[in-house]
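Trainee: Hi! I'm new to this one, could you walk me through it?
Mentor: Happy to, let's open it up.

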Amino acid sequence: MPTIRRLVKYLTSATAVLALLTTAPAAMATVPEPVAAKALPQATAAAADTWQPPLSTQGRYIVDARGNRFRLKSANWDGAQGSWTGSGSITDPANHHAGQDSYGIPLGLDRAPLPELLADFHELGINSIRLPFSNEMIHATAPVPDVAVAANPQLRGRTPLQIYDAVVAALTQDGFAVILNNHTNTSRWCCGIDGNERWNSSQSTQQWTDDWVFMARRYATDSRVVGADLYNEVRRDVLDDPNWGTGDSHDWYAAAHQAADRILTEANPNLLIVIEGINWTGVPVDGLPHDRPTLTPVRTLSHTLVDAHKLVYSAHFYGYTGPRHSGATGIGETHDARYQDLPRDQLYQVLADQAFYVTTEGQHYTAPVWISEFGIGANETGTAARTWFGNITDYFADHDADFAYWPLVGWEGHDDWALLRYDTAGRRYGILDQGDWRATAWSHLMTSPTRTGTITPVPVWRMLTTDHGDQVQSVRVRTGGDWDSGAYKAACPDGLRLIGLSHTSGRGLCTDTTTGDLRAAGNAQTVVTDERYVPAGGDWASGYTKLQCPAGQFLIGYSRRGDRVSAALCAPGRSPLGAVGRTVWFDRSDTRPADMAGGDFASGAYKGQCSVDEYAAGIAFTTRVGSSAGPAALLCTPLKP
């Protein structure tokens with residue numbers, strides 16, 4: 001969210017920060033039960049019939065249950081994540097962002113009835129809402145004061161979570177898609193050094209994932225709750241950076257993966273999983289390392305979920321921030337360029353490098369990219385800032401991007417960034433007014449040509465990593481328990497087959513290219529730990545140990561103990577498979593198809609990969625002294641006899 005009027009104080013002393021955190025209101029342990037939402041007038045009943053949930057992904061696009069493109073044209077309805085800025089009395093509106101006390105619920109419920117708000121949302125042309133919440137909101141038991149819902153008296157006496165329930169129900173009944181967004185741990189304004197830097201800044205990772213399972217289950221019967229946006233703007237605290245893949249307690253890659261798997265397997269398998277890149281690392285001082293990684297780490301380490309069609313990546317862009325600029329003025333300000341300082345062509349290259357390269361088809365990281373925050377003030381007069389807004393909305397329009405504006409609702413005279421602002425009498429102001437300079441760019445974005453209709457299925461490519469533990473992404477394999485106890489194990493998501501391995505680093509590549517789901521019905525599988533399935537006269541890697549699948553089966557997983565291959569995991573094919581294969585060596589060089597389909601799934605390591613018309617039927621390795629015990633060759637066999 002915007003850092004204007006909330007300077008990012010990265011150089012604040014640790015003592016001051018700790019003192020600040022102790023003033024944050026503590027979450028309460030008891031979770032209130034939902035209160036049934038009262039029937040509300042429908043702003044547009046037909047809107048609910050224009051798309052069919054649940055949503056999933058097809059390459060770079062989000063699609064609905066009919067396979068039709070569903071472009072996220074979204075806005076952020078904030079407030080439930082908290083508005084207190086962290087100093088002064090929490091009851092004084094002056095100590096809340098823009099002087100707006102949200103009372104821990106979506107803004108505007110004190111000023112306009114829900115049906116009127118929803119009608120205004122439809123008039124904007126948006127089809128979806130990113131709905132922030134805090135973990136503290138989940139556990140709060142005190143009802144909000146009546147003044148917080150003055151325009152919606154039917155919500156009096158409810159807790160913040162119960163009001164959140166009512167808002168979700170109203171939105172989905174009116175045809176909007178809702179994406180839940182865990183914005184903060186504690187209910188206070190984000191996003192500096194505020195105790196909300198990471199998913200586990202003010203709580204354990206276990207509590208965080210437990211809360212996500214709770215929220216996903218809570219709305220599992222509402223099919224228009226379509227997504228879980230796992231955490232907002234992961235960033236550095238005073239002492240430590242988040243990271244992408246080191247395996248420690250600050251590993252955002254691993255934490256997001258853990259939450260995603262729990263949501264999809266324990267709570268609601270229909271949700272899109274939205275994973276934002278890292279928002280900030282380092283100390284913003286000239287001469288010291290600092291950066292805004294965004295989605296750049298995805299190029300070499302992408303997520304593979306238990307459902308290969310549920311991953312969406314996310315990034316935020318504001319004009320006053322930059323590729324290496326924190327967005328601060330004064331303390332925390334450096335001489336790095338802000339995004340609004342970049343010429344149009346340079347800005348576009350940065351957008352591609354930091355985020356939109358992920359939409360390239362045919363890569364292990366290919367996924368939709370949702371720019372879930374961008375925005376600017378209606379009272380902005382700066383030429384550079386205004387030009388940036390035109391440029392970035394042009395880019396979104398030209399690239400048919402999914403987006404969410406920040407924020408949707410505000411108070412008139414308080415937050416000029418809001419698309420819609422309401423005064424105490426409920427009168428509406430904002431981007432729908434003729435005098436709002438943002439309207440031209442917004443109209444262009446909302447009316448620009450966009451791909452619609454059926455999205456033709458494309459091959460899926462996903463990487464496996466055993467860097468720090470198991471990555472068994474097949475639900476069917478998981479039902480069989482631990483198939484190689486004590487080893488690091490990896491298995492492709494259901495519907496995909498293993499097609500590539502790295503000589504070192506324990507990486508693998510999965511795909512469904514050419515044949516789709518190759519596996520027979522049922523959960524039959526074979527764990528191969530020796531050469532019993534190598535046929536007589538079939539030594540395809542002389543002098544090497546060969547783990548070969550039984551006839552009619554193909555590789556879906558592997559395991560390792562240290563660098564040494566431990567086992568191969570095979571599954572029977574749903575139709576006859578070819579039997580005569582070729583050996584692909586990769587212990588001394590990269591041996592992949594010329595088109596490099598799937599991309600570099602193990603950066604810096606030698607890799608072997610079968611062709612798209614083949615399946616992997618075996619792994620060869622050596623235990624010779626002085627040689628790496630990692631995979632050295634694959635047996636690649638034609639898909640058809």
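Mentor: One term to start with: a disulfide is a pair of cysteine sulfur atoms within 2.5 Å. This is a predicted model, where local features need pLDDT of at least 70, side-chain atom pairs count only at pLDDT 80 or more, and totals for chains, interfaces and linings use all residues. Residues are numbered from 1 along each chain as its sequence is written, and side-chain values use heavy atoms, with hydrogens and water left out.

Trainee: Thanks! How many disulfides does a search of the whole structure find?
Mentor: The search turns up 4 disulfides. Counting bonded cysteines along the chain, their pattern is 1-2, 3-4, 5-6, 7-8.

Trainee: How far apart are the sulfur atoms of Cys190 and Cys191?
Mentor: In that disulfide, the sulfur atoms of Cys190 and Cys191 are 1.4 Å apart. The torsion about their S-S bond is about 95 degrees, so this disulfide is right-handed.

Trainee: And is Cys190 buried or exposed?
Mentor: Cys190 counts as buried, at 0% relative accessibility. Buried means under 20% relative accessible area, exposed means over 50%, and partly exposed is in between, using a 1.4 Å probe and protein chains only. Cys191 counts as buried too, at 3%.

Trainee: What about Cys492 and Cys510, how far apart are their sulfur atoms?
Mentor: The sulfur atoms of Cys492 and Cys510 lie 2.1 Å apart in their disulfide. With -85 degrees about the S-S bond, this link is left-handed. The pair links distant parts of the chain, 18 residues apart: Cys492 sits in the loop between strand S19 (488-491) and strand S20 (497-502), and Cys510 in strand S21 (residues 507-511). Those labels come from DSSP runs, numbered from the N terminus: helices are H or I with at least four residues, strands are E with at least two.

Trainee: Switching topic: how many residues are in the largest nonpolar core?
Mentor: The largest nonpolar core has 139 residues, and those with the most contacts inside it are Trp77, Phe121, Leu230, Trp252 and Leu408. Helix H6 (residues 252-267) gives the largest share of this core, 9 residues. Such a core is a set of buried Ala, Val, Leu, Ile, Met, Phe, Trp, Tyr and Cys residues joined through side-chain atoms within 4.5 Å.

Trainee: What does Phe121 touch?
Mentor: Leaving out residues up to four places away in sequence, Phe121 touches Trp77, Ile126, Ile129, Leu171, Phe176, Leu408, Val409 and Leu420. Contact here means heavy atoms within 4.5 Å.

Trainee: One last thing: at what angle do the axes of helix H7 and helix H8 cross?
Mentor: The axes of H7 (residues 344-354) and H8 (residues 383-398) cross at roughly 50 degrees and come within 11 Å. Axes are lines fitted to C-alpha atoms, for helices over the stretch in contact, and angles run from 0 to 180 degrees between N-to-C directions.

Trainee: Which residues meet there?
Mentor: Arg344, Leu347, Tyr348, Leu351 and Ala352 in H7 meet Trp388, Asn391, Ile392, Asp394 and Tyr395 in H8.
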